[in-house]
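Subject: Structure handover

Hello,

Here is the structure you will be taking over. Notes on what was found in it follow below.

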Amino acid sequence: AIIVLPHERAINITSYLDRIEGIIVEQGSPYSHIGIIARELQIPTLFGVKGAMKALHDGDRIELDGISEIVRILSASDAIS
């Protein structure tokens, strides 16, 4: 699962680490608690992705490219926001 957060203090990720494959954060820094944990566990994480909370929905299939810092929506869910 890739989680999308409004800011780095939105969640305590330690209880979800076994299920997280990527993290997208609208506001925050790679030097935050989440950034440090993600880096140590080699979880791709993007910070400063404005509008991610509105653009991405539960069930969307997305691709997160941490090197190019690109998020691609592969297929949108049928969820209504």
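Leaving aside its neighbours within four places in sequence, which residues is Ile-20 in contact with? They are Ala-1, Ile-3, Ile-13 and Ile-43, where contact means heavy atoms within 4.5 Å.

Some ground rules first. This is a predicted model, in which local features need pLDDT of at least 70 and side-chain atom pairs count only at pLDDT 80 or more, while totals for chains, interfaces and linings use all residues. Residues are numbered from 1 along each chain as its sequence is written, and side-chain values use heavy atoms, with hydrogens and water left out.

Cores

Ile-20 belongs to the largest nonpolar core, which has ten residues: Ile-3, Leu-5, Ile-13, Ile-20, Ile-23, Val-25, Ile-34, Ile-37, Ala-38 and Ile-43. A nonpolar core is a set of buried Ala, Val, Leu, Ile, Met, Phe, Trp, Tyr and Cys residues joined through side-chain atoms within 4.5 Å. Buried means under 20% relative accessible area, exposed over 50%, and partly exposed in between (1.4 Å probe, protein chains only). Two or more residues of this core come from each of β1 (2-7), β2 (22-27) and α1 (33-40), and α1 gives the most, three. Helices (H or I, at least four residues) and strands (E, at least two) are DSSP runs, numbered from the N terminus. Another core lies apart from this one and has six residues, including Leu-46, Ala-52, Ile-62 and Leu-64.

Salt bridges

There are two salt bridges in the structure, each being a side-chain nitrogen of Lys or Arg within 4 Å of a carboxyl oxygen of Asp or Glu. One joins Glu-63 to Arg-72, with the closest N and O atoms 2.6 Å apart. Glu-63 is partly exposed at 35% relative accessibility, and Arg-72 is partly exposed with a relative accessible area of 36%. Asp-18 and Arg-19 form a salt bridge with a closest N and O separation of 3.7 Å. Asp-18 counts as exposed because its relative accessibility is 68%.

A loop glycine

Gly-66 sits in the loop between β4 (61-65) and β5 (70-75). Its relative accessible area is 35%, so Gly-66 is partly exposed. Gly-66 and Gly-22 are 44 residues apart along the chain, and their C-alpha atoms are separated by 8.8 Å.

Regards
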